[in-house]
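Have the sequence and the model open as you read.

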Protein chains: 4
Amino acid sequence: MIIAIKPGVSRDEINKLITDLENLGVKVDASQGSSQIVLGLVGDTTVINDEAVRANHLVERVIRVQEPYKRANRIFHPLDTVLEFKCGKETANAAASVKIGGPSFSVIAGPCSVESREQLVSVAEAVKKSGAAFLRGGAFKPRTSPYSFQGMGCEGIDLLVKAKKESGLPVVTELMEISQLELFEDVDMIQVGARNMQNFNLLKELGRSKKPILLKRGMASTMTELLMAAEYIMAGGNSQIVLCERGIRGFDNFTRNILDLAVVPALKKKTHLPVIVDPSHATGLAWMVPAMSKAAIAVGADGIIVEVHNDPEHALCDGEQSLTPEQFDNLMNKLRKYAEIEGKTI
Amino acid sequence: MIIAIKPGVSRDEINKLITDLENLGVKVDASQGSSQIVLGLVGDTTVINDEAVRANHLVERVIRVQEPYKRANRIFHPLDTVLEFKCGKETANAAASVKIGGPSFSVIAGPCSVESREQLVSVAEAVKKSGAAFLRGGAFKPRTSPYSFQGMGCEGIDLLVKAKKESGLPVVTELMEISQLELFEDVDMIQVGARNMQNFNLLKELGRSKKPILLKRGMASTMTELLMAAEYIMAGGNSQIVLCERGIRGFDNFTRNILDLAVVPALKKKTHLPVIVDPSHATGLAWMVPAMSKAAIAVGADGIIVEVHNDPEHALCDGEQSLTPEQFDNLMNKLRKYAEIEGKTI
Amino acid sequence: MIIAIKPGVSRDEINKLITDLENLGVKVDASQGSSQIVLGLVGDTTVINDEAVRANHLVERVIRVQEPYKRANRIFHPLDTVLEFKCGKETANAAASVKIGGPSFSVIAGPCSVESREQLVSVAEAVKKSGAAFLRGGAFKPRTSPYSFQGMGCEGIDLLVKAKKESGLPVVTELMEISQLELFEDVDMIQVGARNMQNFNLLKELGRSKKPILLKRGMASTMTELLMAAEYIMAGGNSQIVLCERGIRGFDNFTRNILDLAVVPALKKKTHLPVIVDPSHATGLAWMVPAMSKAAIAVGADGIIVEVHNDPEHALCDGEQSLTPEQFDNLMNKLRKYAEIEGKTI
Amino acid sequence: MIIAIKPGVSRDEINKLITDLENLGVKVDASQGSSQIVLGLVGDTTVINDEAVRANHLVERVIRVQEPYKRANRIFHPLDTVLEFKCGKETANAAASVKIGGPSFSVIAGPCSVESREQLVSVAEAVKKSGAAFLRGGAFKPRTSPYSFQGMGCEGIDLLVKAKKESGLPVVTELMEISQLELFEDVDMIQVGARNMQNFNLLKELGRSKKPILLKRGMASTMTELLMAAEYIMAGGNSQIVLCERGIRGFDNFTRNILDLAVVPALKKKTHLPVIVDPSHATGLAWMVPAMSKAAIAVGADGIIVEVHNDPEHALCDGEQSLTPEQFDNLMNKLRKYAEIEGKTI
């Protein structure tokens, strides 16, 4: 941690500040510059309250050199975290488990929202046949308008669990509030949506659970804030986390959000957690999903989460961004070629 | 609602779409343009699912002319909503109640977080003497890092309620999760923080409560999204809402956020709900708070919410942005002059 | 063009407005909605001054359905524009020309700034051997600080032209001001930098030239503004334009800018002009360039422009984002595999 | 300047880097932290090329403590810069000169574009009567579309100079390209538009001129970039600069841009140059101009530049954001009260 002192501060005042800081357990080096003094703090600076230092009337600027996250930091955990999920049914030709992280490129596919048993089973069978490893589907839906369809709720969860049993695909679905947690017992991975990325009470509760978490980046969250959100869950004891880039807010409107693909290699460098991409919500446009999915492999993502609907024009939600099963199948064929180049298995 | 049809679509296909739309209860006018047909929908278009229309393969673009919010819309409720709060104690020289909205300019002041009884009472007395109408203080604190001070919790609420009894000032404090609601019985106004603006389950629950709500704009939320968040609460039956601009995310870093003051007159035009400004969180810099507070009156805000701390350099949180009681008193003297010009009473 | 009239306007006033508009040569359909009247204008609405209509006191909102660009619009020119460049020397094993657009994936490589003959020739030979089709290098450099190295100027142009003769690679370099144009006679493609994208006088002048133009998207420019900048050049008679996405400004700082890869498929749909990507300036980080270059092919770009420097640590400019010739060679080997999948030739 | 070395670098390598840096004339202090070494550079660090240091393979992060601008920096020039302009005619009741900076609050008013002699003279007389100190009007107009009205050009300049002679008001108008400079001899202040803020050749040329410059902040420019643009002009010898905040690009669209009023006190702290605000272009909405103008005084601006048009509905450009002379007169009456509180004279 670096502390730049304001020009003109007396040496006595600075010495008092140094003493205060050293009493917290860090060592302080003072460098006399041409116009001001700069303090370098060494040791475990996580004990220092940045805000209090910034509020000090002697201080001009405070700069942290170390990252504020520990458990999520690749420096302290160099090896990739790999999550493993048991498949719903084990048959002769089915895999007993699927993974996210490491050499896998994992595809999560399914409808934006669960609408009926027929819909879900037909989509599940189709995406499984095309090579998806997970089934997604929303039961509780975060909608901008209180007058929009809010999801099937518990009934949607039931249908997902049934679809899992029939298809064998592990299921991923979004949890919107702590009290819903008990309904998610048979869900394989719990999604935390972009709007809840900094719902800290929810994150703490998920830290106490043993479920894998799919943590989506908030619409205006920095990379560090995303990692600090993961740190909240990890601080509670749960390290089964997959990070997801799903588009950030920008000034143009030709896509719904800006898919910030550079965050993928940046995250892979900073953290050992797997990183996937959601091209459906990022663009809001089905015709763009294949291009952005291929790009996700190119930048080193560990997977994608994609919306597939049997009848997008009659979807109760987000039809504009859903692929048909046929379009999804074409995409998977293309993705396999990309994965091969990158030494990944789908 | 306007629907632009893609060029080259056959008249038969368009007629079928028109029939489908009219079956939903709206009237459709088709205009033949030079290169494409445009449909104009009249009647109650809230029955139309925009997303389904956008997903239709004949459709190029969908444009809503009407605002998606109703209860928050000034068109349907032209008169200003005014909230009234009973003061904690009624003495000879104390007001029996204070208001937000209408001709009042209401100042909410207090520490970022409740730290002790002494701190809170001393700040409460000071800000009251200077003319604040409400006491603020955080008991549950949303912090980016799990390792930062998370607030005093229930004990903080107790201290706020005691400070209310002693000072007479109604109190405002942030609720972070539904299960905390029962602790807020004696709190006068419940704050929903920027990170929870689209925590839709929380909004629905608050819609069922009878408490006034201070709803802060999310860091990357549009004006319409803020109004839709208010609409969630109002749809549940609670219209006691104060909106708050607290800075949005931007590309520069000389302030913590960008205080978007133009949203104040824009909101006052669109909605009947009161609108206040938080210059402390927006800038993150105490020395900028007076300038931005004065600007808040200038643009027509109904009040401000300001951080005041007896000892900012030792604050457990956000000291850099807190005014001292003396600075706050100077600010209030200046604000009274501004309020006078604008015909507002502090 | 759609014009929503304010609620409560009298039919007489509306009729007068309709007459005024029809006198400009368009046909106007009026639809009576539940709360307001909406006018649909058909015909050549480019004769209408949007701003004057918006300023009209009867008007609430004006919505354009048609795109404001014509010459750049794929609707009016469905076939891809392909640019062809003569190579500097024709030898037995060298191509006589290279192309941008159509089935080619064109790689433009070279140092950020021209520093010396040795540097330029050695980089040119290296990138040519690895498969680059063009040599880039800055002679006039737009620098944030007046105290930074501003480029070698005319001498830099001379060195580029010499390097072109020796290597055979057509050269691309940035022009910063109209008066420099005469120096660019032997330059093959003139780059307009992001900061000059809306230097309209420069664009008009380039419209009168016959040189191919590499037009970079401004840091906060919308897709439509980029296309309107191209339209400025095309309106002057020059259609030899290559568009370039080079990163837009965002709220985080782990990369210099946000590479908005989704703009590539969006542009390819809207315009017939070729679109390339600049991963070096977008990220500012050499180690990220390979990932983002591969993603550029994945999303359908027609090429990339990449910084390569023989000694990045001693580069006079932007060393942090330059690849070494070895790193560039590895990247090209990878790109060829990606190009093969997409049916493109490098 | 602070340089954080990557973890694990050998002491020998670091010593070599220190020697290289000290050879450039700075002193280097090395602090051994818990996981890495941090170098503190003292002395005139402007000789160091940040980019080369960042590109060094030993370096993890480079942090500048000092601001990169000097001539614009208030540290080196503590007193406010005040610009003085001779008025066009000296009559008994007219001021001989007007100022920007110091205790003045200066109002620049006039039409977006010069359209005719009658228009300009009538607006000039009106705004003068209401208390404006300067006349503005565009002769060369930067327009997004090549098909929009581009301004009257030289003829517009002539009309401005005539209006100056008749009204006595000094005139401000925008220059778009270096070659136009000779036409601006009788113009009192040359405006550099937001799109040209980083047109470095233009800035250098203006540095050689003796004319006062009104420098508008670019739409996505940081405060530091604005000050570096001023530094370009000052480095050439011209310190007669007025900075102008005119709105930055954001994610919402209820106003054309976001008026970043906090940049005003931030700039006033960092630089001695006057700072004004353009509420017309920032919001794009005439009805919002009064609110934002008052806020400009509240935050400490030295003036505003406002569009006034005798007939906004028939303006050739930007009518939607222009005040009528009557609205402007009402605004000025309000502004005088605000100015009085702030101890400023209009």
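How much area do chain A and chain D bury between them, and what share of it is on carbon and sulfur atoms? The answer is about 1600 Å², with 60% on carbon and sulfur atoms. Buried area here is the accessible area (1.4 Å probe) that two parts lose on being put together, summed over both.

Before going on, some housekeeping. This is a predicted model, where local features need pLDDT of at least 70 and side-chain atom pairs count only at pLDDT 80 or more, while totals for chains, interfaces and linings use all residues. Residues are numbered from 1 along each chain as its sequence is written, chains are lettered from A and ligands numbered from 1 in the order in which they are written, and side-chain values use heavy atoms, with hydrogens and water left out.

**Chain A against chain D**

Back to that A–D contact: 21 residues come from chain A and 20 residues from chain D, with contact meaning heavy atoms within 4.5 Å. There are 0 salt bridges between chain A and chain D; a salt bridge is a side-chain nitrogen of Lys or Arg within 4 Å of a carboxyl oxygen of Asp or Glu. Polar contacts link 2 residue pairs between chain A and chain D, both residues at pLDDT 80 or more. A polar contact is a pair of N or O atoms within 3.5 Å; within protein, one must be able to donate a hydrogen and the other to accept it, and residues adjacent in sequence count only if both atoms are side-chain atoms.

On the chain A side, strands S1 (2–5), S2 (27–32), S3 (37–42) and S4 (59–63) each supply at least two of the residues that touch chain D. Strands (E, at least two residues) and helices (H or I, at least four) are DSSP runs, numbered from the N terminus. By class, this side of chain A has 7 nonpolar, 9 polar and 5 charged residues. For the classes, Ala, Val, Leu, Ile, Met, Phe, Trp, Tyr, Cys and Pro count as nonpolar, Asp, Glu, Lys and Arg as charged, and the others, Gly among them, as polar.

As for symmetry, chain A superposes on chain D by a rotation of 180° with 0.0 Å of shift along its axis, at an RMSD of 0.1 Å. A:Phe251 is the residue of chain A that comes closest to the rotation axis, at 2.1 Å (C-alpha). The same surface serves both copies, as 95% of the contact residues of chain A recur in chain D.

**Chain B against chain A**

Here the contact takes 45 residues from chain B and 45 residues from chain A. The buried area is about 3900 Å², of which carbon and sulfur atoms give 47%. B:Glu51, B:Tyr147 and B:Glu313 supply 16% of what chain B buries against chain A, more than any other three residues.

Chain B and chain A share 2 salt bridges, and one of them joins the side chains of B:Arg249 and A:Glu225 at 2.7 Å, N to O. There are also 20 residue pairs in polar contact between these chains, both residues at pLDDT 80 or more. Helices H2 (50–55), H5 (200–208) and H6 (223–235) of chain B each bring at least two residues to the side that touches chain A. H6(B) gives the largest share of that side, 5 residues. Sorted by class, the side has 17 nonpolar, 14 polar and 14 charged residues.

Chain B goes onto chain A by a rotation of 180° with 0.0 Å of shift along its axis (RMSD 0.0 Å). That is the relation of a two-fold axis. B:Ala220 comes closest to this axis among the residues of chain B, at 2.9 Å (C-alpha).

**Salt bridges inside the chains**

Over all chains, the count comes to 68 salt bridges. Here are three of them.

| Pair | N to O distance |
|---|---|
| A:Lys16 and A:Asp20 | 3.1 Å |
| A:Asp278 and A:Lys216 | 2.6 Å |
| D:Asp20 and D:Lys16 | 3.1 Å |

A:Lys16 and A:Asp20 are 4 residues apart in helix H1 (residues 11–23) of chain A, so about one helical turn separates them. A:Lys16 is exposed, with a relative accessible area of 53%, and A:Asp20 is partly exposed at 37%. Buried means under 20% relative accessible area, exposed over 50%, and partly exposed in between (1.4 Å probe, protein chains only).

A:Asp278 and A:Lys216 are both buried. Finally, A:Arg217, A:Glu245, A:Asp260 and C:Asp252 are linked in a network of salt bridges.

Terms used:
Least-squares fit on C-alpha atoms with pLDDT ≥ 70 in both.
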